[in-house]
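Here is a friendly walk through the structure you are about to see. Keep the viewer open and follow along, section by section.

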There are 2 protein chains.
Amino acid sequence: MAVLAVDLGGTKLALAVFSDDGEMLHRTSYPLDKRAGKAVGALITDAVQQIPIQVNAIGIAVPGICRHQRGTVWAPNIPGWEDYPLLAEMKTIAGNTPVFIESDRSCYILGEIWQGNAQGCKDAIFLAVGTGIGAGILINGEVLQGSKGIAGAIGWMALDRPFQNTYTDCGCFESMASGEGIVKVALQLILKDPAYNGILRKDALSAQDVFAAYRKNDHIAVEVILQSISLWAMATANLVSLFNPEKIIFGGGVFGPAAEFLPVIAAEAARWAQPISMKQVRLEVSGLGTDAGLYGAAYRALHD
Amino acid sequence: MAVLAVDLGGTKLALAVFSDDGEMLHRTSYPLDKRAGKAVGALITDAVQQIPIQVNAIGIAVPGICRHQRGTVWAPNIPGWEDYPLLAEMKTIAGNTPVFIESDRSCYILGEIWQGNAQGCKDAIFLAVGTGIGAGILINGEVLQGSKGIAGAIGWMALDRPFQNTYTDCGCFESMASGEGIVKVALQLILKDPAYNGILRKDALSAQDVFAAYRKNDHIAVEVILQSISLWAMATANLVSLFNPEKIIFGGGVFGPAAEFLPVIAAEAARWAQPISMKQVRLEVSGLGTDAGLYGAAYRALHD
């Protein structure tokens, strides 16, 4: 048996065929090239039709929320995808092959459960820190959906009083400690420090630049990264205290370079978290890297 | 069919017999009178044996954690109950009547689901703010236990950077915004303000005193209560963003007098929380008051 996994991101589309024992048989990807609305849907259906291997089911990871009852998708970073009828479009090309759509954050933890670092776990969380921040939360083997399918929106976690207007668009945690947040915080600090003439004073600053500058002991980068570590640790502690999970898996583009801070994050989280739960949890980096969404979409297709 | 509900608190033991349609047929309670260890166990078994009505099952709410596999209880406010063999003791007197033990916070939300303000909900949370703070979390109709049964320890939620040593014993949220926390924060402010000669400068200050002083516009009480409102709102927002629940029910001794602030808490939470989830949730005060634990213990006995 083989399944097709589709991972739609904000900038690219990846597809892979997996055997039911987790072997990746085929892999391909396409840049979105600023496509929007129906052009993204057409890219997906065209790409699926070009897959050369017969599959028994299709799983799709989407960068947002799937409204399961209606089969529509809200993907905030894809213009025109406020309520996109992806399931209906897929059904026009899939014939009798069943199609399952799931949020990317849910797919990440399912991928880790299947072939990554959460194998054997029933209560585990994937903390995805990339451009944005989200959490895929597995409880007793089931993905936490919430009453309307939008659980795990941890980018909105309130961690730093008092409320700032900069939190309005994407939440306190995400606005300070996502990839974009790291850049925004660095730019604010540079703005406040006219005398600063370090390596971060450049055009098109990226989170990678901030990590590189941290390694060179740039004082603004150090301030930004230490603040991020503190916030990642508080969020970790809150997941530990609320969910009492076996594992928290850190992934997304930021973990990545932030993976080296995991021992520091663990030590700082231990100051905040319920102490018994903290002793029981293990913190690990993703075992699947950028393929976690593909593995999870495949698992979703295999195990519905 | 009738069931016996037992609610063990930090200072008293309550027992009630319920019919399976939720009618309370009998109710009694005993002060713990500073009993510890086996004396508390003996109080429970004696009280159960004196119940004059035949019951089909017994549910017990405990102020801490039940280790379900071993049937033992960790109750931090009862000396000698680090790992108390309550299930084994109950079995010596219960004969063939099944006995179920559950944490008080889990019982609170089960009680509200059965006979209180969460009837009809499958995803609902009880935020219990009393001497301490805990959350009973219902996900798709099931109580969230976590990998080792200690989920819902929301008193440890990290909400206010940087870390303070005052958070060490019971967590950031609980140390600032529980009943005991309100008193501690007030005492700290009084200590810092030698000129203060208001109504809170008294012996044996209680949270009730702080609420009463707030109503008289005492400036220290106002500062303490406004800070508590801000923290209750952040915790509410975090529950909304993570769990996407239908309802959050506020209970415990502090709600209570803090119930009047629910509209303010909702407005402040809406600044922090995932905005779609926030629109979907309803915030309400407990419909069962101090009996929520009894109702939940009965429901647990009826529906295992």
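Arg105(A), Tyr108(A) and Ile109(A) supply 59% of the area that domain 1 of chain A buries against domain 2 of chain A, more than any other three residues. In total, about 950 Å² is buried between domain 1 of chain A and domain 2 of chain A, with carbon and sulfur atoms giving 71% of that area. Buried area here is the accessible area (1.4 Å probe) that two parts lose on being put together, summed over both. As for the bounds, domain 1 of chain A covers 2-110 + 291-303, and domain 2 of chain A covers 119-286; these come from an automatic or database domain assignment. Their C-alpha centres lie 26 Å apart.

What kinds of polar pairing link domain 1 of chain A and domain 2 of chain A? The count of salt bridges is 0, a salt bridge being a side-chain nitrogen of Lys or Arg within 4 Å of a carboxyl oxygen of Asp or Glu. Helices (H or I, at least four residues) and strands (E, at least two) are DSSP runs, numbered from the N terminus.

## How to read the model

This is a predicted model, in which local features need pLDDT of at least 70 and side-chain atom pairs count only at pLDDT 80 or more, while totals for chains, interfaces and linings use all residues. Residues are numbered from 1 along each chain as its sequence is written, chains are lettered from A and ligands numbered from 1 in the order in which they are written, and side-chain values use heavy atoms, with hydrogens and water left out.

## Where the chains meet

Now for the two chains: 46 residues of chain A are in contact with 46 residues of chain B. Together chain A and chain B bury about 3900 Å², 64% of it on carbon and sulfur atoms. Of the area that chain A buries against chain B, Arg161(A), Leu242(A) and Trp272(A) supply 22%, more than any other three residues.

The rule finds 2 salt bridges across the interface of chain A and chain B. Asp160(A) forms a salt bridge with Arg161(B), with the closest N and O atoms 3.4 Å apart. The interface of chain A and chain B also has 18 residue pairs in polar contact, both at pLDDT 80 or more. Elements giving two or more residues to the chain A side include β9 (133-139), α7 (219-243) and α8 (262-272) of chain A. The most comes from α7(A), with 9 residues.

## How the copies are related

A rotation of 180° with 0.0 Å of shift along its axis superposes chain A on chain B (RMSD 0.0 Å). The two copies are thus related as by a two-fold rotation axis. The superposition is by least squares on the C-alpha atoms of residues with pLDDT of at least 70 in both copies. Among the residues of chain A, Leu159(A) comes closest to the rotation axis, at 2.4 Å (C-alpha). The copies meet through the same surface, because 100% of the interface residues of chain A are also interface residues in chain B.

## Local details

Over all chains, the structure holds 20 salt bridges. In one of chain A, the side chains of Lys247(A) and Glu284(A) meet at 3.1 Å, N to O. Lys247(A) lies in strand β11 (residues 247-251) of chain A and Glu284(A) in strand β12 (residues 282-285) of chain A, so the pair ties together parts that are 37 residues apart in sequence.

The backbone has some points to look at too. A cis peptide bond joins Phe255(A) and Gly256(A), with omega about -15°, and Gly256(A) lies in the loop between β11 and α8 of chain A. In chain B, a cis peptide bond joins Phe255(B) and Gly256(B), with omega about -20°. Asp33(B) is not a glycine, yet has a positive phi of about 50°; this residue lies in the loop between β3 (24-31) and α1 (37-49) of chain B.

Conventions:
Contact means heavy atoms within 4.5 Å. A polar contact is a pair of N or O atoms within 3.5 Å; within protein, one must be able to donate a hydrogen and the other to accept it, and residues adjacent in sequence count only if both atoms are side-chain atoms.
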